[in-house]
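Please examine the sequence and the structure shown below before reading on. The report then describes the model part by part.

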Amino acid sequence: MKKDLNYYIGWLATILVGVIITPIYFILISTIRIGSVLIEIIWDTITFMPKAVYEYERASLKSYWEKEKERLFKDIKKD
């Protein structure tokens, strides 16, 4: 079989993509995903956690549950 220029260009392109370009894409995609997860964790810690702690502390109060109980019973009596 006679190997012409197209054969060598294809072989070189395959090696180039498989050995050089694919690992670069892997590193870029992994870095972006890790960065987005870290940003999301930090964002949730800053914005969501203080609200969650406040709601937890409020829900642990007896007066809160008594008000909720009264509100639910008013809704039931209306029906």
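The sections below treat the overall form, the two ends of the description in turn, and selected residues.

## Overall form

The model is predicted. Its chain contains two helices and zero strands. Along the principal axes, the C-alpha trace spans about 90 × 30 × 10 Å. The radius of gyration of the chain is 30 Å, whereas a compact globule of 79 residues would have a value near 12 Å.

Of the 79 residues in the chain, 0% are buried. The accessible surface of the chain amounts to about 7900 Å². Carbon and sulfur atoms account for 70% of that surface.

## Helix 1

Helix 1 covers residues 5-59, which makes 55 residues.

## The aromatic pair

One aromatic pair is present in the structure. The partners are Y7 and Y8, whose ring centres are 5.3 Å apart. How are the planes of these two rings placed relative to each other? The planes stand at 80°, and because an angle over 60 degrees counts as edge-to-face, the pair of Y7 and Y8 is assigned to that class.

Both tyrosines can also be described by their accessibility. Y7 has a relative accessibility of 36% and therefore counts as partly exposed. Y8 has a relative accessible area of 47%, so Y8 is partly exposed.

Side chains of opposite charge can pair when their charged atoms come close. A search of the whole structure finds one salt bridge. Which residues form this salt bridge? The side chains of R71 and E68 meet in it, with a distance of 2.9 Å from N to O.

Helix 2 consists of residues 62-78, and both R71 and E68 lie in it. The two residues are three positions apart, which corresponds to about one turn of the helix. R71 counts as partly exposed because its relative accessibility is 40%. E68, at 21% relative accessibility, is likewise classed as partly exposed.

## Selected residues and distances

T22 lies in helix 1, and its relative accessible area of 43% makes T22 partly exposed. T22 and N6 are 16 residues apart in sequence, and their C-alpha atoms are 22 Å apart in space. K51 is also found in helix 1. Is K51 buried or exposed? With a relative accessible area of 58%, K51 is exposed, because the cut-off for this class is over 50%. Between K51 and F26, which are 25 residues apart along the chain, the C-alpha atoms are separated by 37 Å.

In helix 2, K77 provides a further example. K77 has a relative accessible area of 73% and is therefore exposed. K77 and S60 are 17 residues apart in sequence, and the distance between their C-alpha atoms is 26 Å.

Technical notes: Residues are numbered from 1 along each chain as its sequence is written. Side-chain values use heavy atoms; hydrogens and water are left out. Rings of Phe, Tyr and Trp (its six-membered ring) pair if their centres lie within 6.5 Å; planes under 30 degrees apart count as stacked, over 60 as edge-to-face and the rest as tilted. Buried means under 20% relative accessible area, exposed over 50%, partly exposed in between (1.4 Å probe, protein chains only). Helices (H or I, at least four residues) and strands (E, at least two) are DSSP runs, numbered from the N terminus. The expected span of a helix is 1.5 Å times one less than its number of residues. A salt bridge is a side-chain nitrogen of Lys or Arg within 4 Å of a carboxyl oxygen of Asp or Glu. The radius of gyration is taken over C-alpha atoms; the globule rule is 2.2 Å times the number of residues to the power 0.38. Accessible areas come from the Shrake-Rupley method with a 1.4 Å probe; for residues, only the protein chains shown count as cover.
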